[in-house]
Amino acid sequence: MPKPVVAVVGRPNVGKSTFFNKIAGKRISIVEDQPGVTRDRIYTEVEWLNTQFTLIDTGGIEPKSDDVILSQMKRQAQIAIETADVIVFMVDGKEGLTASDQDVANMLRKTNKPVLLVVNKIDAHHFIGNIYDFYQLGLGDPMAISSVNGLGLGDLLDEIVERFPDDDDADYEEDRIKVAVIGKPNVGKSSIINTILGEERVIVSNIAGTTRDAIDTPFTQGDDKYVFIDTAGIRRKSRINENIEKYSVIRSLTAIERADVCLIVIDAAEGVTEQDTKVAGYAHEQGKASIIVVNKWDAIEKETNTMNAYTKGIRNQLSFMPYAPILFVSAKTKQRIPQILEMIKFVSNQHALRVQTGVLNDIIGEAILLNQPPSDKGKRLKIFYGTQVAVKPPKFVFFINDRELTHFSYTRYLENKIRDAFGFEGTPIFIEYREKG
Ligand code: GDP
Ligand code: GDP
């Protein structure tokens with residue numbers, strides 16, 4: 001199940017970032033931001049009562065400025081409505097109700113997403129009277145918290161978790177391949193999707209709304225069933241500021257979580273950007289299959305070696321996913337566009353590949369003979385046997401004598417041997433060690 005997303009919306013200075021840091025810093029958040037994915041704290045992974053979710057501070061997306069407060073808030077609210085499962089609308093209990101609170105409340109009342117009205121800065125019980133004015137917003141009972149003193153935060157987290165939707169991905173059949181098309185604005189994502197959907201043999205079903213309000217595009221080709229995840233943010237150009245790339249990053253992250261296969265679309269002229277690296281890093285860490293699609297290949301002047309040189313550059317920059325196939329395509333001329341679906345089907349199968357324990361151990365045995373496991377102070381790593389414990393992504397457990405003796409370079413070696421023998425193209429594979437007494 002994809003992690004639910006919680007967005008915090010509110011005027012500047014109501015205390016959103018204080019709240020956010022309190023939650024993130026309190027180590028309620030046990031899952032640190034993924035390394036290499038993002039350093040900025042617009043979102044953080046939170047765990048509460050065994051439920052994990054992603055908390056987004058919409059206020060952190062743009063710098064604070066006074067003259068554009070209202071339009072800025074409306075944009076934030078719009079983003080929250082589009083991307084979140086639960087919206088926390090924060091107001092200031094010291095300053096009281098303001099006109100812009102009313103405006104945002106008007107927008108939030110129209111969504112069918114759960115909205116929690118939270119009055120911050122209720123630093124002591126005797127300020128509780130300050131919350132009653134906020135009933136006028138028509139968003140139900142206001143909850144009192146103090147982000148600075150940490151009051152009411154546990155109750156709020158309880159209320160948030162209670163409002164998460166049930167797993168909406170049950171809507172799709174097990175054999176329908178879920179594809180997230182990700183990449184910066186203007187790289188050609190919607191052109192690629194439209195070209196694929198425009199192919200004669202593709203049949204697009206009615207656009208299905210999930211409980212998340214994400215607009216997905218299910219389609220079939222022959223007997224093969226696919227769905228493009230969250231095409232709303234891609235095909236309908238949003239009126240809200242497209243230039244703010246961080247919005248598209250947040251959307252990408254939730255799409256990746258719901259997907260089996262990620263198409264990482266890159267503009268041939270621009271190459272891999274830092275944002276692409278972050279988003280691709282997320283796909284890798286989430287265990288998704290990935291295909292790197294270099295679009296606008298028609299616009300590149302080519303010499304004999306151009307494709308090789310490009311491949312090298314990409315392998316260098318996305319060095320953590322050497323397994324991802326690279327396709328050079330053009331949505332404009334349709335060059336190699338038909339290969340995209342073939343490749344999606346292929347890597348999706350690889351993602352679900354399960355190998356027999358016996359055959360696996362033959363391969364491991366050979367690998368060990370060729371290249372001895374590491375040793376330390378006269379003690380050598382012993383690998384008793386390995387077994388594949390999961391698919392999508394493929395996960396292996398190796399039973400060993402002593403975890404201290406494992407080394408990432410030897411793990412990498414074993415991974416390569418497994419890939420040489422079985423493929424697993426397009427998918428990350430994970431190896432875990434367990435000590436066997
Ligand atoms: P944001 O713009 O909504 O992210 O607001 P900030 O988190 O930057 O907070 C704005 C101001 O309100 C800062 O001076 C905070 O110290 C203060 N503040 C935040 N939470 C509380 C609170 O619970 N009680 C009080 N008294 N002040 C708070
Ligand atoms: P998105 O924002 O990633 O969905 O990008 P779009 O599909 O809207 O494309 C952005 C711009 O790039 C549009 O002007 C497209 O016509 C252009 N474009 C898309 N694919 C190609 C391509 O393969 N070659 C060229 N030359 N232009 C393209």
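This is a predicted model: local features need pLDDT of at least 70, side-chain atom pairs count only at pLDDT 80 or more; totals for chains, interfaces and linings use all residues.
Now turn to ligand 1. Here 15 residues surround the ligand, and the closest are G15, K16, S17, T18 and V148. Helix α1, residues 16-25, gives the most to this shell, with three residues. The class count for ligand 1 is three nonpolar, nine polar and three charged.

Next, the chain as a whole. The protein chain has 437 residues, and 39% of them are buried. It holds 12 helices and 19 strands. Consider the contacts between residues at least 6 apart in sequence: 72% of them join residues at least 24 apart.

Six strands form an open sheet with mixed pairing, in the order β2-β3-β1-β4-β5-β6. The edge strands are β2 (43-48) and β6 (143-144), and each pairs on one side only. In general, strands of a sheet pair through backbone hydrogen bonds, either parallel or antiparallel. Inside this sheet, β4 (residues 86-92) and β5 (residues 115-120) run parallel and are joined by six bridges. I87 stands opposite V115 in β5. D92 stands opposite N120 in β5.

How many of the six residues of β5 are buried? Six are, and the strand is mostly covered. The side chains split by direction. V115, L117 and V119 point one way from β5, while L116, V118 and N120 point the other way, and all are buried.

Six of its six residues are buried, so β7 is largely enclosed by the rest of the structure. Both faces are covered. On one side sit I177, V179 and V181, and on the other K178, A180 and I182, all buried. Note that K178 is in that buried set.

What does β7 pair with? Strand β11, residues 224-228, is one partner, in the parallel sense, over three bridges. There, K178 has V227 as its bridge partner. Strand β12, residues 261-267, also runs parallel to β7, and four bridges join the two. In β12, the bridge partner of V181 is L263.

Leaving aside residues up to four places away in sequence, V179 touches Y226, V227, F228, I229, A259, V261, L263 and I344. V179 also belongs to the largest nonpolar core, which has 94 residues. F89, V179 and V293 touch the most other members of that core. Why does this core lie between domain 1 and domain 2? Domain 1 (5-163) and domain 2 (176-350) both give residues to it, so the core lies between them. Apart from this core lies another, of 11 residues, including I383, I400, I418 and F424.

Conventions
Residues are numbered from 1 along each chain as its sequence is written. Chains are lettered from A and ligands numbered from 1 in the order in which they are written. A nonpolar core is a set of buried Ala, Val, Leu, Ile, Met, Phe, Trp, Tyr and Cys residues joined through C-beta atoms within 7 Å. A residue is buried if 20 or more other C-beta atoms lie within 10 Å of its own, exposed if 12 or fewer, and partly exposed in between; C-beta atoms are placed from the backbone. Domain bounds come from an automatic or database domain assignment. Two residues are in contact if their C-beta atoms, placed from the backbone, lie within 7 Å. A residue is near a molecule or strand if its C-beta atom, placed from the backbone, lies within 6 Å of it. Ala, Val, Leu, Ile, Met, Phe, Trp, Tyr, Cys and Pro count as nonpolar, Asp, Glu, Lys and Arg as charged, and the others, Gly among them, as polar. Two strands pair if DSSP finds at least two bridges between them.
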